[in-house]
Every structure is written in C-alpha cells, then in structure tokens.
Amino acid sequence: MNFAAILPEIILTIGALVLMMVAAFMGRRASALCSWSAVALLLGAAMALLGEPQRAGALFGGLIAADGFGAFGKLLIYLCAAVAVVIAHNWFERDFEHAAEYPVLILLAVVGMSVMVSATNLMSLYVGLELNSLAAYVLASYRRTDERSAEAGLKYFVLGALASGILLYGISLLYGFTGTTQFDGVAAAFLRDGTGSIGLLFGLVFTLAGLAFKISAVPFHMWTPDVYEGAPTPVTAFFASAPKVAAMLLGVRVCLDALGPAIDAWRQIMTFAALASIFLGAVAAYGQTNIKRLLAYSSINNVGFALIGLVAGGVAGASSVLFYMAVYVVMTLGAFLCVLRMKNENGEPLEGIDSLSGLSQSRPGLAAALAVFMFSLAGIPPLFGFWPKLMVFNAAVAEGLYPLAVAGILGTVIGAFYYLKIIKVMYFDAPGAPYARGGSGLEGALIALAALVVSPLGYLLIGPLGQLTANAAGSLF
C-alpha cells in the first residue's frame with residue numbers, strides 16, 4: 001500500500017533515471033525523445049494520482065502523507081512541468097542548446113516538489129526542497145554561453161544556499177525544543193507550551209523565513225527579478241508556476257498542520273509578508289522595461305494575495321489558497337507563452353516592453369490573448385482572475401480580518417496600473433518592428449486554451465474547482 005500511494009513519484013524517479021542514461025549515450029540526438037518521453041511520464045504520473053491510495057494517510061513512519069491536499073498540488077505541478085518541457089522544445093536552438101538533460105532536470109525538480117507538497121516531517125520537507133532546488137540552480141544557468149543565464153544561476157545558488165541554511169537552522173531549533181521532527185509532534189509542543197518558549201518562537205520565525213524565500217515573498221524576494229530575467233524563458237515560465245505551487249502548498253501545510261496552535265504568532269509574520277509582497281510587487285513593477293522582470297514582480301504581487309488566504313486559516317482559507325494557485329498558474333503560463341512569441345525577424349527573443357508597441361495591428365490574436373492574461377492577473381472582472389482574489393478576501397473577512405482585506409483590495413487597485421500599461425502599449429502606441437511569424441501549433445493551442453480558462457467562460461469551473469479545492473483543503477484537518 002505504501003508504494004502504491006507514491007506511484008507518481010516512482011514513475012517520475014525511474015523515468016528520470018532511464019532518460020538520464022538515454023541522454024548520456026545518445027547526446028543531443030535524444031533531445032526530442034527525452035522531451036516527449038518526459039511529457040508522457042508527467043501525464044502518466046498525473047493519471048496515477050486518480051487512484052484510491054491517495055487517501056492512504058501517513059506513510060513511511062509519518063515522513064509523507066497521501067491525501068487530497070498533496071494530490072491537488074501534484075496535479076498542478078505535473079501539468080505546469082509538462083508545459084515547460086513542451087515549450088522548451090521549440091524555443092532552444094535545436095542543434096546547439098536543447099540538450100536531452102533539460103527534461104531530466106525538470107523531472108528531478110518535480111520529484112522534489114512532489115515530496116514537498118506531501119511532507120509531514122521536517123526532514124522530508126527539507127529533502128524535497130533541496131532536490132527541487134539543486135535541479136533549479138542548473139536550470140537557471142542552462143544557457144551556458146549566455147552571461148545573464150550564468151549570472152541568474154549563480155545568484156539563485158548563493159541566495160538559495162543562504163535561505164536553505166536559515167530554514168535548516170529553524171528546523172534544528174524546532175527539533176531541539178520539541179524533540180521531534182513530525183508535524184503533529186511540533187503542533188503538540190506548541191499546544192502544550194504555547195509561544196512562551198523563546199526557542200520555539202525563533203524556530204518558527206527561521207523556518208517561515210526559509211519558506212518565504214521559496215515563494216519569493218517580501219522581504220526574501222531579492223532573487224526573483226534577476227533570476228526570472230536571466231534564466232531562459234521556458235525555465236522562467238517553469239519557475240513562476242510549478243515551484244510556486246509547491247512552496248505555497250508546503251507553507252500552508254506547515255502553518256496549518258505543524259504550527260497550527262501558534263497561529264497568533266505566525267499570523268503576524270504572514271500578514272506583514274502578504275501586504276509587503278502586494279505593495280512592493282505593485283510599486284516596483286512601475287518602472288520596468290523588461291517583460292520578464294515585470295512578470296517577476298507580478299509573481300511577487302500574486303503571492304501576497306495568496307498569503308491573505310493563508311493568514312485567514314481554516315478550511316476556507318486553505319481552500320482559497322488552492323483555488324488561487326490553480327488560476328494563477330494558468331494566467332502566468334499563458335502570459336509566458338505569449339512572451340515566447342516575442343521574436344524579431346531573425347528569430348532572436350525580445351523582452352523589451354516597447355517591442356509590444358502596436359501589437360494589436362500586426363498580431364491581433366496574440367495581443368488579445370496577452371490582454372486577457374494581463375486583465376486577469378490584475379483581477380479585473382468579468383475575467384476569471386477576479387474570482388480567486390474575491391475568495392481570499394472573503395476568507396479574510398470571515399475571520400474578522402477587515403483591515404487586511406481592505407489593504408489587499410487597495411493593493412489590487414495600485415497593481416492594476418502596470419498591467420494596463422501593457423494594454424496601452426499594445427493597443428495605443430505606434431506599431432514597431434513586427435514579430436517573426438512562427439511558433440508551433442501546440443503552443444498556439446495552449447495560449448488559446450489558457451485564454452479561454454481565464455476568460456468569463458472560466459466561471460463555469462467555479463463549482464467543480466471550488467468543490468475540488470474544498471475537499472483537498474479539508475483533508476488537512
């Protein structure tokens with residue numbers, strides 16, 4: 001039963017090892033084979049989540065849990081990773097950059113994220129996070145001939161190592177003052193001693209600081225704009241989606257499961273992180289001229305809104321976070337799929353916002369899709385991006401956190417400016433040099449599908465998606 005419940009991780013681990021050997025023996029010739037095999041493995045792992053063993057509960061002595069909460073997170077992660085593999089196949093120069101190792105690194109990172117969302121022990125939490133991080137450092141610096149990519153990988157590695165040390169110090173304090181690394185044991189210690197123990201309080205603060213780095217919440221966001229800008233665009237799309245889901249769900253499980261009795265202590269920390277992320281993400285994006293840096297600050301901004309749901313706590317709060325992340329990844333991946341189409345006549349990638357000038361005249365379909373994603377990220381009704389923001393605000397109001405909800409709504413208004421700036425450039429500025437035609441039909445289909453999901457048609461998903469997230473959140477309690 002234990003192994004049946006972790007069938008997705010087994011599929012991905014064995015598949016990654018096999019593809020690694022294929023890549024070693026066949027070299028670059030295996031790039032297409034490895035890419036499509038990785039997509040098949042991810043879809044197979046997603047199908048394996050539908051099995052009954054996902055409700056098996058604690059496994060392997062309580063190191064991980066097979067529950068609806070983890071299964072929901074894994075499903076999002078696998079789909080995001082599959083998109084990241086598909087879009088890389090056409091973006092990298094086939095004979096020069098698109099090595100077969102890329103999908104292998106994605107698979108290994110996904111295995112780490114699968115452990116993260118299922119972890120119910122501080123040690124398995126750390127192992128999963130490090131497995132994800134080690135693959136991510138290599139992915140960030142994947143374009144070895146590009147100085148910006150090398151710089152992004154180095155910055156991510158140095159700051160990631162610092163954050164990892166902070167997290168490990170927090171874990172060691174929690175273990176030292178509770179005598180256990182199990183989430184339920186830590187919760188029992190907080191229930192018994194409260195936050196009167198200074199050691200427990202310091203452990204809580206350092207652990208949350210390490211996790212805040214992974215979700216790029218303020219004040220641990222410094223790496224995000226530089227890494228997003230320097231990393232290859234398919235990698236940036238991956239960073240902005242799958243690891244965000246894994247880290248956010250890990251944060252929810254840690255706060256509500258391990259640190260549940262200390263909610264008064266961590267609620268103050270998360271309230272600050274939420275509001276700081278919302279306002280800094282909104283204000284710092286104003287002067288950006290690079291579309292990937294702007295989307296980095298958009299990511300920070302959206303993490304702040306998701307944290308409002310976490311601050312609310314309870315089933316409703318956790319459910320709102322899951323719903324928010326599900327819609328967020330569709331909006332973000334859609335936006336990055338549009339960025340992938342930003343290429344000059346020589347096929348070289350463009351990242352300047354000014355290159356979008358007059359896009360509505362030269363590429364009306366692309367401009368319309370990007371406009372839908374920008375309006376949805378801003379939370380402007382009637383687009384579907386409005387609904388998850390409403391859910392997290394409702395969760396905060398239900399808990400009596402009226403100032404937090406009002407501040408979040410104010411942050412939405414401020415942040416809308418830079419999304420509208422993109423619309424203005426595309427629809428009202430004089431046309432610039434036209435983008436090169438091309439791009440695979442599959443990418444075009446993904447853009448269209450994402451645009452439909454975040455359009456008003458997305459409201460048809462409120463019932464089934466809301467029920468799914470409520471059931472997943474309920475499995476935590």
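A salt bridge is taken here as a side-chain nitrogen of Lys or Arg lying within 4 Å of a carboxyl oxygen of Asp or Glu. The structure is a predicted model, in which local features need pLDDT of at least 70 and side-chain atom pairs count only at pLDDT 80 or more, whereas totals for chains, interfaces and linings use all residues. Residues are numbered from 1 along each chain as its sequence is written, and side-chain values use heavy atoms, with hydrogens and water left out.

View 1. K155 pairs with E151 in a salt bridge whose closest N and O atoms are 2.8 Å apart. The two residues are four residues apart in helix α7 and so are separated by about one helical turn; helices, like strands, are DSSP runs numbered from the N terminus (helices H or I with at least four residues, strands E with at least two). An α-helix has 3.6 residues a turn, so residues three or four places apart point the same way. K155 is partly exposed at 28% relative accessibility, and E151 is likewise partly exposed, at 42%; buried means under 20% relative accessible area, exposed over 50%, and partly exposed in between, with a 1.4 Å probe and protein chains only. The side chain of K155 also meets that of D226 in a salt bridge of 3.0 Å, N to O. Because K155 lies in helix α7 and D226 in helix α10, this pair ties together parts that are 71 residues apart in sequence.

**View 2. The salt bridge between E351 and R148.** The closest N and O atoms of E351 and R148 are 3.1 Å apart in this salt bridge. E351 lies in the loop between α15 (314-340) and α16 (359-362), while R148 belongs to helix α7, so the pair ties together parts that are 203 residues apart in sequence. E351 is buried, with a relative accessible area of 13%, whereas R148 counts as partly exposed at 33%.

**View 3. S118 in helix α5.** Because 15 of its 18 residues are buried, α5 is largely enclosed by the rest of the structure. S118, which is placed in α5, is buried with a relative accessible area of 1%. Its side chain makes a polar contact of 3.1 Å with that of K74; such a contact is a pair of N or O atoms within 3.5 Å, where within protein one must be able to donate a hydrogen and the other to accept it, and residues adjacent in sequence count only if both atoms are side-chain atoms. Leaving aside residues up to four places away in sequence, S118 touches E9, L63, I64, A65, K74 and R253, contact meaning heavy atoms within 4.5 Å.

**View 4. Helix α9 and its cover.** Helix α9 (residues 198-214) has 17 residues and reaches 25 Å from its first C-alpha to its last, close to the 24 Å expected. Twelve of the 17 residues are buried, among them G199, L200 and F213. The elements covering these buried residues include α6 (122-140), α7 (147-178) and α12 (242-258). Just after α9, S216 takes a positive phi of about 50°.

Terms used:
The expected span of a helix is 1.5 Å times one less than its number of residues.
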